Amino acid sequence: MSKKTTIEVQVNGVSRTAEVEPRLLLVHYLRDVLGLTGTHIGCETSLCGACTVLVDGSAVKSCTLLAVQADGCEVQTIESLATEDGLHPIQQAFWDCHGLQCGFCTPGMIMATRQLLQENPSPSEEEIRHGLEGNICRCTGYKHIVDAVQQAAEQMKAGT
């Protein structure tokens, strides 16, 4: 049995402290320890992007990061976006533009979009496609996803 390590991580604005095994992946910490199941496990090889979360503001595939590596970091998951008042503009745009079908890739796509729009509030179609390169959708193709990102960018610039 390996020795557990205490970590402290800000997850969706809440300080979380836990003892974890050093080999525990961040995706499993979020899902199994914290019960935040919006972060999906797709391939566990970093190819699909379903497990994308923001770590200190950067989109990271949580299946490639150990929980102990997130010690002292701020992690933002899909659960942090919607409020009591409704969906985040990115989530609403994915809904409005049919940027999802089965929904499995959607949390990762939305979190990657969040970083993209933070860095570039007015991305071109090419920049959107490049920004989402590490996220695979097996259902929709990508036109509706690109449309959703464009709509979200417009709504966020307008402050709606």
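I looked up which residues join α2 to α5. On the α2 side I found Pro89, Ile90, Gln92, Ala93, Phe94 and Asp96. They meet Ile145, Ala148, Val149, Gln151, Ala152, Gln155 and Met156 in α5. I sorted this contact by class and got nine nonpolar, three polar and one charged residues. I note that the model is predicted.

Next entry: the geometry of the pair. Helix α2 covers residues 89-96, and helix α5 covers residues 143-158. Their axes come within 8 Å. The crossing angle is roughly 140 degrees.

Next entry: backbone angles. I looked for positive phi values in residues other than glycine, and noted Ser46 and His98.

Ser46 has a phi near 75 degrees. I traced Ser46 to the loop between α1 (26-33) and β3 (52-55). Its relative accessibility is 26%, so Ser46 counts as partly exposed.

His98 has a phi near 60 degrees. Where does His98 lie? I found His98 in the loop between α2 and α3 (106-119). Is His98 buried or exposed? Its relative accessibility is 56%, and the cut-off for exposed is over 50%, so His98 counts as exposed.

Conventions
Residues numbered from 1 in each chain as written. Predicted model: local features only at pLDDT ≥ 70, side-chain atom pairs only at ≥ 80, totals over all residues. Heavy atoms only, no water. Axes fitted to C-alpha atoms, helices over the stretch in contact; angles between N-to-C directions. Helix = DSSP H or I, 4+ residues; strand = E, 2+ residues; numbered from the N terminus. Contact = heavy atoms within 4.5 Å. Nonpolar A, V, L, I, M, F, W, Y, C, P; charged D, E, K, R; others polar. Buried < 20%, exposed > 50% of the residue type's maximum accessible area, 1.4 Å probe, protein only.
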